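Visitor: Walk me through this structure, please. Keep it brisk.

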Amino acid sequence: MRILAIETSCDESAVAVLDEQRGLLAHELWSQVDLHRAFGGVVPELASRDHLRRLLPLLRTALDSAGSRADEIEGVAYTAGPGLVGALLTGAALARSLSYGWQVPAIGIHHLEGHLLAPMLETPVPPFPHVALLVSGGHTMLIEVRGIGDYRMLGQTRDDAAGEAFDKSAKLLGLPYPGGPELSQLAAAGRPERYSLPRPMLDRPGFEFSFSGLKTAVMQAVRAETLSDQGRADLAHALQDAIVATLCAKALRAMEFTGHGALVVAGGVAANRELRARLTREAAALGVQCYFPRLEFCTDNAAMIAVAGLHRLRAHERTGAGIEVRARWPLEELRPPGKT
Ligand code: KG4
Ligand code: ZN
């Protein structure tokens, strides 16, 4: 089976072509970061309009670079939620139109299931069951993944997501949006132990996170003195260290709790090099193997939507003919492919 996938949940427009036998044939992406930078965050209406502008050219490029004719596509997958409603609707409308025009089935995919399955684009593929640490701009969760579509929430953030803590702190340090990658670059020049920031919720049992206090701590440090460039780097280092240490400690706690030997790390913050290095090192000491998608499949992309779509379409799952999306959509509502 060969399918086409579309991702438009936030500020990335993406189209991919995945073939069951030959693997990923194309994945094209247009990032809107430059468009939203002046506003310091994503402006939903601008995001929807830009998706409309970019999607058809991306579709053509994806088919061309896949060397695929439209009549070779046997199904269309699209992100149906969670995300920005207007942005989601642009992708859903295109997917439904292609499905109607090409007379092939369509399937609406949960964006976070896409992130969770992104490591299946790599070799070796992570075994089931495993634990997934899903860390993005909107979510921070530890999930027991018993199989595709069989997800048990172990714990999530009570307030800000890890990516949000990176982005908001980066803004306080005067870095451009989205601040995560910029902050981690600045942190590389920082001296350890110049600042000491709290490690939120580490003293409590369980798998919940809380990152909003860190942003406040950074704000207080920024207001307390005029920071030199070195001081900003030191503070960035302390912030990254606090986030990474907390994520690692809770993820390893989940490994001990479940007894599983594989840990998948997914979502935009999984691109953070410090997190990748520390988690790999600490997990290995416990005999746990870590699985990360390559950097371009950590942040939003259509290849991951194609992976989830292929599994579900192959199991004869289809979404009804309406153009329906969900801004909110609990992951635990999902069922294994074909079982909905
Ligand atoms: O998964 P994603 O592309 O979009 C959402 O679904 O949220 O994640 C984006 C988030 C942003 O908060 C961004 O700052 C963060 O991932 N991020 C990083 C890094 N690369 C992306 N955070 C820390 N270090 C990075 N290298
Ligand atoms: Zn995402």
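Guide: First, how elements are named. Helices (H or I, at least four residues) and strands (E, at least two) are DSSP runs, numbered from the N terminus. This is a predicted model: local features need pLDDT of at least 70, side-chain atom pairs count only at pLDDT 80 or more, and totals for chains, interfaces and linings use all residues. Residues are numbered from 1 along each chain as its sequence is written, chains are lettered from A and ligands numbered from 1 in the order in which they are written, and side-chain values use heavy atoms, with hydrogens and water left out.

Visitor: Let's start with the metal. What coordinates the zinc ion (ligand 2)?

Guide: His-111 (NE2), His-115 (NE2) and Asp-300 (OD) do, at 2.1 Å. Donors here are N, O and S atoms within 2.8 Å of the metal (3.2 Å for Na, K and Ca); water is not among the atoms, so sites may look incomplete.

Visitor: How are those donor residues spaced in sequence?

Guide: The pattern is H-x3-H-x184-D. His-115 sits in helix α4 (residues 111–117), and Asp-300 in the loop between α10 (295–298) and α11 (303–314), so this pair ties together parts that are 185 residues apart in sequence.

Visitor: Are His-115 and Asp-300 buried or exposed?

Guide: Both are buried. That means under 20% relative accessible area; exposed is over 50%, and partly exposed is in between (1.4 Å probe, protein chains only).

Visitor: And what is the geometry at the zinc ion (ligand 2)?

Guide: Irregular, with angles of 92 to 141° among its four donor atoms. Four donors count as tetrahedral if all angles lie between 85 and 135 degrees; four count as square planar and six as octahedral if opposite donors are over 155 degrees apart and all others between 65 and 115; anything else is irregular.

Visitor: New topic. How much space lies in the second largest pocket?

Guide: About 320 Å³. On a 1 Å grid over the protein atoms alone, a pocket is an open set of points with protein on both sides within 12 Å along at least five of seven lines, while a cavity is a set where a 1.4 Å probe fits but cannot get out; lining residues have an atom within 4 Å of a point. Grid points are joined across faces, edges and corners, and a volume is the space filled by probe spheres set on the points.

Visitor: How many cavities of 30 Å³ or more does a search of the whole structure find?

Guide: One. About 30 Å³ of space lies in the largest cavity. Its lining residues include Leu-116, Met-120, Phe-128 and Val-264. The lining has seven nonpolar residues, one polar and no charged.

Visitor: On to α6. Which of its residues are buried?

Guide: In helix α6 (residues 179–187), they are Gly-179, Gly-180, Leu-183, Leu-186 and Ala-187. Seen down the axis, these fall within an arc of 130°, so they line one face of the helix. The arc is that of the directions from the helix axis to the C-beta atoms. On the other side of α6, Pro-181 and Gln-185 are exposed. Pro-181 has 55% relative accessibility.

Visitor: Now the backbone. Where are the cis peptide bonds?

Guide: One joins Gly-81 and Pro-82, with omega about -15°. Pro-82 lies in the loop between β4 and α3 (85–102). Another runs from Tyr-177 to Pro-178, with omega near -10°. Pro-178 is in the loop between α5 (162–172) and α6. Most residues other than glycine have a negative phi, and most peptide bonds are trans.

Visitor: Which residue other than glycine has a positive phi of about 70°?

Guide: Met-201. Its place is the loop between α6 and α7 (212–224). Met-201 counts as buried, at 11% relative accessibility. His-316 also has a positive phi, near 65°. His-316 lies in the segment after α11 and is exposed, at 64%.

Technical notes: Ala, Val, Leu, Ile, Met, Phe, Trp, Tyr, Cys and Pro count as nonpolar, Asp, Glu, Lys and Arg as charged, and the others, Gly among them, as polar.
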